[in-house]
Amino acid sequence: MAQREVKEAFVSNLNGTSLEEVALGSFLAPVCLIHRAFVLVLYYQAKGTLPLPLPLISHLLLDFSVLVLPLVLSCTVLSSILLQVIVCLTFISACVLCYIYRTSFQSSALQPQKIVSNFLQSHVQFIQVPFVTLFRVFVNVKTAISILAVDFTVFPRRYAKTETYGTGVMDFGVGAFVFANALVSPEARRREVSGSKMSHVTKQILSVWPLLALGMARLVSIKMTGYHEHVTEYGIHWNFFFTLAIVRVLASVLLAVLPAGQSWLFALLISGFYQFALETSKLKPFLMHNNDREKDFVHANKEGIFSIAGYVAIYLAGVQIGLYVMQPRSQVKDCLKMLFTLSLGSLLSYTALFACQTLVEPVSRRSANLPFVIWSVAQSLFFMSCLGLADMVILFSKGASACHFLPSSMNFQERKTDSLAYKSSVKIERLCLIQAVSRNQLVFFLLANVMTGVTNSVVDTLSCSSSYSVCVLLSYMLVNCLVIYVLHICEITVKFW
């Protein structure tokens with residue numbers, strides 16, 4: 001069997017993992033985020049200053065070691081003990097938080113209840129859209145890790161994309177990527193449409209040319225180099241770039257004539273009617289079992305074409321959530337209410353998911369059915385809630401330690417006397433890897449795809465030992481992060497439109 005066929009077989013006919021294990025992985029990134037903040041707090045309490053020595057290098061290495069390294073290890077050599085790793089890291093975080101609390105308030109006459117009350121009443125100002133930037137960045141980083149790691153034997157097969165039904169970590173990554181794009185769409189940001197609705201739709205069509213160009217480039221490069229491809233993911237000629245482009249255009253057309261504030265209802269209707277079509281017609285067996293791909297373009301790319309309905313539904317749901325989280329809020333307690341609402345939405349969505357899997361059919365990324373849509377939304381809301389809670393812990397640590405330089409989505413309301421603290425905070429933000437990825441997310445995603453192809457062409461991924469595989473993955477991620485970090489330090493934002 002040729003090397004290409006061996007690699008294709010390696011990522012085929014997989015069944016995924018449990019919903020619980022996918023949800024468990026959502027805790028790791030927030031805990032790592034808190035650890036990064038606590039490292040800076042402890043250094044500040046010891047030295048009385050930030051940033052770290054040799055800031056350009058030290059902050060990159062700190063972020064890579066605390067934010068990226070654990071994510072790589074969690075989907076490779078530590079995947080079998082992920083729960084123990086998260087519990088251990090959470091325990092350490094809790095101990096450090098208690099230490100910060102005690103050292104900061106031991107001389108204060110305030111009671112603990114009063115301290116918490118003051119925190120809840122505190123006014124905040126947002127540097128970024130709350131939790132959205134963190135969600136989008138970590139989805140991007142996890143995607144970058146997975147698209148290469150899946151080709152190594154050290155990557156658990158249960159994390160990879162499923163063949164027909166099931167819930168793999170990479171299956172969620174696809175839905176989360178669409179959801180993340182919707183969170184920052186013009187409709188979610190309530191941007192006023194200038195000119196006619198037709199001109200707005202035309203503008204959206206023109207704005208997706210980079211995705212179409214990247215899709216064509218990927219198609220041509222794969223066919224010319226004989227690079228391995230999993231045909232049942234999207235089809236012979238289709239790929240995820242095409243899906244992203246068409247979903248954005250179709251959603252823009254729908255939201256040009258329908259109220260964005262009711263997009264959740266249209267998401268439910270679209271996914272519901274699509275599921276009805278799967279159940280009552282020959283569409284489901286056509287998508288799952290028909291292998292006559294030589295017949296025409298539709299047969300050749302059936303998964304990519306018909307799954308668009310499910311991804312449009314996810315996108316519309318993301319717009320609805322974006323509208324909610326971007327509402328102006330000025331107090332900590334308002335942000336906590338938002339977190340509670342997101343958590344409740346996740347819980348209700350999971351309840352609906354269990355009902356659908358019992359009464360209808362299991363989750364299928366291949367067809368992007370109704371259970372897949374609900375699962376993508378439920379897990380995205382849960383991940384956002386976890387990141388939001390981490391941001392709250394970091395904000396509390398800012399107030400407790402008087403270290404107002406910690407990178408996070410929000411700061412306490414600045415006073416005029418805080419201009420020096422504000423300048424220091426901006427300087428620390430400039431050294432933050434999360435800000436670097438956020439600044440050029442499409443470039444980071446493109447770079448990861450290119451580096452994945454290059455790595456596969458020079459490394460026999462299937463014969464690598466576990467330790468060597470991890471070293472390759474860490475080197476690959478370090479290159480990606482270094483390039484995007486240099487662009488950020490040089491204040492270069494790459495725009496394609």
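Glutamate 303 forms a salt bridge with arginine 293, and the closest N and O atoms are 2.5 Å apart. A salt bridge is a side-chain nitrogen of Lys or Arg within 4 Å of a carboxyl oxygen of Asp or Glu. Glutamate 303 lies in helix H16 (residues 302-306), and arginine 293 lies in the loop between helix H14 (283-288) and helix H15 (297-300), so the pair ties together parts that are ten residues apart in sequence. Helices here are DSSP runs (H or I) of at least four residues, numbered from the N terminus. Glutamate 303 is buried, with a relative accessible area of 1%. Arginine 293 is also buried, at 11%. Buried means under 20% relative accessible area, exposed means over 50%, and partly exposed lies in between (1.4 Å probe, protein chains only).

The model is predicted: local features need pLDDT of at least 70, side-chain atom pairs count only at pLDDT 80 or more, and totals for chains, interfaces and linings use all residues. Residues are numbered from 1 along each chain as its sequence is written, and side-chain values use heavy atoms, with hydrogens and water left out.

The structure holds nine salt bridges. One of them joins lysine 161 to glutamate 233, with the closest N and O atoms 3.1 Å apart. Lysine 161 sits in the loop between H7 and helix H8 (169-183), and glutamate 233 sits in helix H11 (residues 231-234), so this pair ties together parts that are 72 residues apart in sequence. Lysine 161 counts as buried at 13% relative accessibility. Glutamate 233 is buried at 18%.

Glutamate 229 pairs with lysine 223 in a further salt bridge. Here the closest N and O atoms are 2.9 Å apart. Glutamate 229 is buried, at 14% relative accessibility, whereas lysine 223 is partly exposed, at 40%. Salt bridges also link Glu279, Lys284 and Glu361 in a network.

Helix packing was examined next. Two packed helices are described by the angle between their axes and the distance between the axes. Helix H4 (residues 55-74) and helix H7 (residues 132-149) pack at an angle of about 45 degrees, with axes 10 Å apart. Axes are lines fitted to C-alpha atoms, for helices over the stretch in contact, and angles run from 0 to 180 degrees between N-to-C directions. H4 and H7 are therefore oblique to each other. Angles under 35 degrees count as roughly parallel, over 145 as roughly antiparallel, 65 to 115 as roughly perpendicular and the rest as oblique.

Conventions. Helices (H or I, at least four residues) and strands (E, at least two) are DSSP runs, numbered from the N terminus.
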